[in-house]
Amino acid sequence: MGIRTGGELLRSLRDGRRLFIDGEQVADVTADARFRGAARSLAELYDMQHDAALIDRMTFVSPTSGERVGLSFIEPRSVDELIRRREMVKVWMDATCGMFGRSPDFMNIFFTGFASAADAFGNKERPFAENVRAYHTYIRENDVCMTHTLVNPQVDRSRPVEKQVKDVAAKIVKETDAGIIIRGARMVSTLCAYAHDLLVLPSTYLANSKEAEPYAFGFSVAVNAPGLRFICRPSVIHQNAASVMDYPLSARFDETDAMVIFEDVLVPWERVFIHRDPQLCNSLYNRTGIMPQIMHQFATKNLAKAEFMMGLAFAIAKSTNIDQHLHVQGMLAELIQYTEFSRSCLRASEADAAPGPSAVTTPAAMPLWTVRMMFPKMFVRMCEIIQLLGAGGLVAVPSYAELDGPAAGDVTTYFQAANADAATRIKLFRLAFDAAVSSFSGRQQLYERYYSGDPARLAATLYGLYGRDAYIDRVIAMLEALEARRDA
Ligand SMILES: Cc1cc2nc3c(=O)[nH]c(=O)nc-3n(C[C@H](O)[C@H](O)[C@H](O)COP(=O)(O)OP(=O)(O)OC[C@H]3O[C@@H](n4cnc5c(N)ncnc54)[C@H](O)[C@@H]3O)c2cc1C
């Protein structure tokens, strides 16, 4: 099959998946007003792969079928291939203003990393390493869109999962000849409304005990598998908006978040990658070394998002000439710094890339860790700067429909700005409102804080990873040298 078209994607989503929202079951995500905007945006991303002007930048020739397949499935063998993959990701990220965080390239790169390091999954009890390789070929050749869940539901975070009083978290309840049976819940499945497969993988630490084993798994299952259900948060799309121009981001990029419920879901053995193995779960990311590949993807998202927010701020400031003021220039310069910082970390990771698992070119981790940890704060500040620049104008801007309504005369006159006619100003300020003030923006800020894990525990991980001794030694050596010379 190779690369999917947008039309093929939309047709494939009418598959009987069980999604619940606002107290009802969704009949068709491609038609429901709460979902169809993002479904269409995703379809546009898939169509871009077929665009004659983009096909060479977005695809490569499959090593097994000879078909054109998505570049996010490539196992890069050189820095040039790493950069090629990043440029592909950037095309999708620019098309979505960096606001569609779980676009398919995220999980494609994630799982491709596993395939490069498949031996880490072992082949003892069952051919898990082979399962990983075969699944990678399957998703690449069929352009499968994946959602994923790494976290157990928030019930009692003071106890480990196997010692919870309330039995909520997903666990293995049975093995059969066909596969494992899963019962319970997992969170957060972003993109579930538009994905074909759900990947369930470990992230939090598990005790190395018999009691923890039922929670120690990794697998993939079709989102329409019998017994699987998704309970979605309410949409951030404004259902009564007269035009997409009123909420240009919300209307198109609400990627959906959900709790996943497994009611005795059968996962076939060939889709199981980890089985009752807390040790492997705990060491998975170290053993496979995939984090730098994933961080490289989301650092590219960061760059696209920073460039978008910066461009928006420049346009607002120019429209009313506030960029003449020194402190406004200071805020705009801050946005330049965030953008160039994001770009520098990404480029540094490529400049210092080195062979990783199976000789796959792996970007340097530390520049990517740095931008990963700093970007949430930078993005929240970007939203604040847009609020500070737009000020009252952000709420004194009418719906786009007013340009053609009974008050059009007033609107054309009174919504002009020094450097923008009323239509341009309204479009710009509605976009700014959506980017920095709306519930869509609130969800984006939350996403940046948490999508790659709890920042507090990530900081501790970074501290643990960092090579500290050389720096301590330098300080001690300086003090010793000073001490030795103190009487001289
Ligand atoms: C918009 C959005 C989209 C997301 N999309 C996905 C997705 O697609 N797939 C996916 O798998 N996940 C997704 N996530 C979930 C994300 O992985 C988690 O939010 C993140 O790992 C933190 O876990 P938590 O939300 O359970 O927070 P908790 O672990 O409950 O933490 C809440 C607070 O309590 C503190 N805390 C709790 N337990 C401990 C502890 N043991 N030690 C120290 N501090 C603790 C934390 O520091 C934090 O301040 C998404 C999250 C958001 C917000």
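Start with helices α4 and α9 in this predicted model: select both, and you will find that their crossing is right-handed. Helix α4 covers residues 79–95 and helix α9 covers residues 291–319; they pack at an angle of about 45°, with axes 9 Å apart. That angle makes α4 oblique to α9.

Now show the side chains at this contact. From α4, pick Arg86, Val89, Lys90, Met93 and Asp94.

Where the two domains touch, the contact takes 37 residues from domain 1 and 36 residues from domain 2.

Stay on the domain 1 side for a moment. The elements giving two or more residues to this side are α4 and α5 (105–116). Which of the elements gives the most here? It is α4, with nine residues. By class, the side of domain 1 that touches domain 2 has 20 nonpolar, eight polar and nine charged residues.

Now move to another helix pair. Select α11 (residues 365–390) and α14 (residues 439–450), which pack at an angle of about 160° with axes 8 Å apart. The two helices are therefore roughly antiparallel to each other, and their crossing is left-handed. On α11, the contact is made by Phe375, Pro376, Phe379, Val380 and Cys383; on α14, look for Ser441, Gln445, Glu448 and Arg449. By class, this contact has five nonpolar, two polar and two charged residues.

How many residues surround the ligand? There are 20, and the closest are Leu150, Arg157, Val188, Thr190 and Tyr450. Elements that give two or more residues to this shell are β5 (146–149), α14 and α15 (455–465). Of the elements, α14 gives the most, with four residues.

Colour the shell by class and you will find eight nonpolar, six polar and six charged residues. Then return to your domain colours: the shell around the ligand draws at least three residues from each of domain 1 and domain 2.

Note on methods:
Residues are numbered from 1 along each chain as its sequence is written. This is a predicted model: local features need pLDDT of at least 70, side-chain atom pairs count only at pLDDT 80 or more; totals for chains, interfaces and linings use all residues. Axes are lines fitted to C-alpha atoms, for helices over the stretch in contact, and angles run from 0 to 180 degrees between N-to-C directions. Angles under 35 degrees count as roughly parallel, over 145 as roughly antiparallel, 65 to 115 as roughly perpendicular and the rest as oblique. A crossing is left-handed if the near helix is turned anticlockwise from the far one by less than a right angle, and right-handed if clockwise. Two residues are in contact if their C-beta atoms, placed from the backbone, lie within 7 Å. Ala, Val, Leu, Ile, Met, Phe, Trp, Tyr, Cys and Pro count as nonpolar, Asp, Glu, Lys and Arg as charged, and the others, Gly among them, as polar. A residue is near a molecule or strand if its C-beta atom, placed from the backbone, lies within 6 Å of it. Domain bounds come from an automatic or database domain assignment.
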